[in-house]
Amino acid sequence: MPEKKQFQTETKQLLNLMINSIYTHKEIFLRELISNASDAIDKMKFESLKDPEILENDTVFKIFIDADEKNKKIIIEDNGIGMSYDDVVENLGTIAKSGTKAFMEQLKNEKSDQETLEMIGQFGVGFYSAFMVADKVTVETKKWNEDNGVKWESDGSGEYEIEYIEKKNRGTKITLHLRKDLEDEDNFAKKEKLEELVRKYSNYIRYPIKMEVTETDEDGKEQKEIKTINSMESLWRKNKDDIAEEEYSEFYKETYHDWTDPFDVIHFKAEGSTVEFTSLLFIPARAPFDYYTKEYKRGLSLYSKNVFIMDKYEELIPSYFSFVKGLVDSPDFTLNISREILQHSKNIKVMKKNIEKKIHQALKSKINNDREKYQEFWNEFGRGMKAGLYENVDKKDKVMDLLLFETSNSEKPITLDEYIENMKKDQEAYIYYAVGESRDSIDNLPQMEAVKEKGFDVLYLTDHIDEFLIQMLHDYKGKQFKSISSSDLKLKDTEEKKKEEEENKDLLGKIKELLSGKVKEVRLTDKLKKSPVCIVSAHEGMSINMEKVLKELDQ
Ligand code: ADP
Ligand code: MG
């Protein structure tokens, strides 16, 4: 007797959404199920590297697709790792992902189909997308090291049934019973339709996706034949000159679940030197939903001659370039290498250096040649780059020329190099900055007046992290960062200042007496033009803002 089980609450909500509120792009269900099949084969392949015997006589990895137009059924079958009873309950009854909460939060707001689908891709709730097109889903699966198979079945409405079954072959077979209310264009139980979708979404899947087709031969006789639909070729091992831009885009979108073309693609081969490797990197155009959360994990996938080894390997990407997606393929990796061993490998360091250099070059070239696009990129990832730099100030020379700042003299954000280029002749070797909530609030600071009158440009630091970062960085190309709130701005020469201070000594003393207990000191300043007075922080160089933040942190 099958056991009836309830879906976890979040799963129910998600299923409800899949079934009732997505009307377009239903076709992505196929990509999700194929990518799961491919993942499952990856895992089996990995297991079998340790002991090839476990494959028994099922040694050719493949994904098989079938359609039954009359009965409106689709089947997707793989000979991957399979699932045990507990695996099925865990994987197909709950959403175990840490990103789920964020996902559900996002869903509370009104979203278009497109936005919802983008989220589905990014949060990896892939399997449940089957219920966009099916009113019953049957999963039959057998894990490679189990004797029994397991059958799971649900109509997506709140509960599912699960039982042990007899199953001969290792792997997973998913049967979708298509909904009756699908539009004509969504008639997926047609082989031609499935073939088209595989080419569109799953062409680079490393394993053959096979389907039985009926061909008519010369004599008009119908012949059944099993055909491989996808190209299977890994893009990165092809010659760069033979790859069209769209191929890169399609690969990127399929692999990294994005719906937007990447901002830039970096594809290179390092040969001859100590290490040999190929790398294919993508700079996304838009930040993933979890990019600014703890859940986001940076890293590249590792392959050895086309064979997948591991993903999210973070040692190859510095934290300030955490937004980069991609992979490295090298014959130097051994298949069962561990993260620990890699960490100590000299080759990894060489690779990292190379990769970092390429990313830097690519971004630099965008700054110089396509500022508008770079600006958009910066809006998405600038904060992340700064946060990464904050953790690695010793690497500042490698990153600082990529930062953009809004400034008082320029309409659009500029680089620090551009700031220096435009420095006034009588400007001290300082890069001035001001801290505040917004451009407007900084413009209203009394301290801005004198600096502006001189025509000196001022960086607007409006991100929370900016001020901490700038202080850590200290200088750029020998030009020190200087807060417009610091007491010594060097706008006037010191002789004159001393004289004025001497003349007003009594007055200053009186004011200090009157405000005693409220201020630490009363000083003359050359920073003000229209306002008579202003309050500055007693801590040299620290803004009132930063003091506030530190107080909040109780430091
Ligand atoms: P994700 O693929 O991002 O993990 P899915 O919702 O697509 O999320 O799949 C959930 C889990 O179900 C997978 O992580 C995997 O453990 C399991 N699973 C799904 N399809 C298969 C399959 N064909 N073979 C083995 N396990 C599978
Ligand atoms: Mg998946």
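Predicted model: local features only at pLDDT ≥ 70, side-chain atom pairs only at ≥ 80, totals over all residues.
Two strands count as paired here if DSSP finds at least two bridges between them.

**Whole protein.** Start with everything shown as cartoon. The protein has 17 helices and 19 strands. Colour by burial next: of the 555 residues, 32% are buried. Among contacts with a separation of 6 or more, 72% join residues 24 or more positions apart.

**The five-stranded sheet.** Select β15 to β19. These strands form an open sheet with mixed pairing, in the order β15-β17-β16-β19-β18. Now pick out the edges, β15 (406-407) and β18 (475-476). Each has a single partner strand, so one of its sides has no neighbour in the sheet.

**Inside the sheet.** Select residues 430-435, which are strand β16, together with residues 479-483, which are strand β19. The two strands run parallel and are paired over four bridges. Which residue of β19 does I431 stand opposite? Show side chains and look at F481.

**A helix pair.** Move to helix α10 (residues 371-391) and helix α14 (residues 466-473). Their axes come within 10 Å and cross at roughly 40°. Angles under 35 degrees would count as roughly parallel and those from 65 to 115 as roughly perpendicular, so α10 is oblique to α14. The crossing of α10 and α14 is left-handed.

To see the contact itself, select K386, L389 and Y390 on α10, then F468, L469 and M472 on α14. Coloured by residue class, the contact of α10 with α14 shows five nonpolar residues, one charged and no polar.

Conventions: Residues numbered from 1 in each chain as written. Chains lettered and ligands numbered in written order. Buried ≥ 20, exposed ≤ 12 C-beta atoms within 10 Å, placed from the backbone. Contact = placed C-beta atoms within 7 Å. Axes fitted to C-alpha atoms, helices over the stretch in contact; angles between N-to-C directions. Parallel < 35°, antiparallel > 145°, perpendicular 65-115°, else oblique. Left-handed = near helix turned anticlockwise from the far one by under 90°. Nonpolar A, V, L, I, M, F, W, Y, C, P; charged D, E, K, R; others polar.
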